[in-house]
Amino acid sequence: LLVGGGVWFLVSVPISDDAATVDVSIADGAGVSEIGEELESEGVVRSGALFGVYARFSGRSRLLRAGTYTLPLNLSMREVVQRLATGEGSEDDVTVTIPEGFNNTQVFTALVDAELPITAEEFSGVTARGFSGDSSDFIYDGKPEEVDLTGYLFPDTYNFYSDSTAAQVVEKMVDNFKSKITADLRAKIEASPYSFYELLTLASIIEKEVRTPEERRLAAGVFFRRLSDNYPLQSDATLNFVTGKKETRASASDLTIDSPYNSYTHVGLPPTPIANPGLESIRAVLDPAQTEYYFFLTTPEGKAVFSRTLEEHNRQKAIYYP
């Protein structure tokens, strides 16, 4: 127990409380023992030998990447291994923020703006494959093989190697997405009469329709009632997906568009997600509000206004869209 406790201390407790940083250079081709010695000499870890043992034990010894890192002294050995395995803190590290609701084209633009060396052809080729990793994974339940990975490129702030390929970027984003589905959320998915892909599709609509967690749960409740009644969703966000507009209210001509994404003329969900939803929208479809609302509109300012009856809904439209 004493030995185990000592190892836990060396691995989990930072060498210092000081947040000051040191620059550590990991040479290209350096082995894990050499890396440990360098880290120990710079005062980042207590034992270079134990660093090597822990890196091998954690399965990350082969992932440690060369580069110059700026490392705070108050990192534990576990955190140091994590950083060197992911490239975080390296001069070669690229940080990219993907906002909630981005479509795949917008995701690609954000990656290129961060100067990642990927092309549109490479990115679309990877995302069009239909699956990332094991196609039998639960996150692909209900997903047709021929459709792309819209919905799976999880919105978050990422650190990528500056020479990352499109495949590596997409894999990291999908893996991150999967990691957000906790055991509690997984249980709710499995209890739902809808496939995960259907839930993801609805979450993407909610992401584009409303803003706050409360509004999202209410909107989910409205949409589930409509799906149950075989009543059109009548989502302007699905029409915007077709037209490329950002309107809070569809035009008369938009309502006549012949498309499976026209949720005014087609009952049920559209064929695919219309964007990459954030976690709050996914949670909303897994825990929708039990509501008497059957209608809602989004005001020009972006606020959702809910109604129980069509008459009430029409009164609200007259107020906000006279």
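Ile-274 sits in the loop that links helix H11 (236–243) to helix H12 (279–286); helices (H or I, at least four residues) and strands (E, at least two) are DSSP runs, numbered from the N terminus. The model is a predicted one, in which local features need pLDDT of at least 70 and side-chain atom pairs count only at pLDDT 80 or more, while totals for chains, interfaces and linings use all residues. Numbering starts from 1 along each chain as its sequence is written, and side-chain values use heavy atoms, with hydrogens and water left out.

Ile-274 counts as buried because its relative accessibility is 5% (buried means under 20% relative accessible area, exposed over 50%, partly exposed in between, with a 1.4 Å probe and protein chains only). Setting aside neighbours within four places in sequence, Ile-274 has contacts (heavy atoms within 4.5 Å) with residues including Asn-103, Thr-150, Ile-205, Phe-241 and Tyr-261. Between Ile-274 and Glu-247 there are 27 residues in sequence and 15 Å in space, C-alpha to C-alpha.

On to the cores. A nonpolar core is a set of buried Ala, Val, Leu, Ile, Met, Phe, Trp, Tyr and Cys residues joined through side-chain atoms within 4.5 Å. The largest one has 61 residues, and Val-96, Leu-111 and Tyr-152 have the most contacts inside it. Helix H9 (residues 196–209) gives the most to this core, 8 residues in all. Another core, of 23 residues, lies apart from it and counts Val-24, Ile-26, Val-32 and Tyr-69 among its members.

Strands E5 (residues 295–298) and E6 run antiparallel, joined by 4 bridges; strands pair if DSSP finds at least two bridges between them. Together E5 and E6 make a hairpin with 5 residues between them, and Gly-302 in the turn has a positive phi of about 100°. Across the pair, Thr-298 stands opposite Ala-304 in E6. E6 (residues 304–307) is covered on both faces, with Ala-304 and Phe-306 buried on one side and Val-305 and Ser-307 buried on the other.

A cavity here is a set of points on a 1 Å grid over the protein atoms alone where a 1.4 Å probe fits but cannot get out, and lining residues have an atom within 4 Å of a point. The largest cavity holds about 40 Å³, and its lining includes Leu-10, Pro-14, Arg-46 and Met-77.

How values were computed: 1 Å grid on protein atoms, 1.4 Å probe; cavity = no way out; pocket = protein on both sides within 12 Å on 5 of 7 lines; lining within 4 Å. Points joined across faces, edges and corners; volume = space filled by probe spheres on them.
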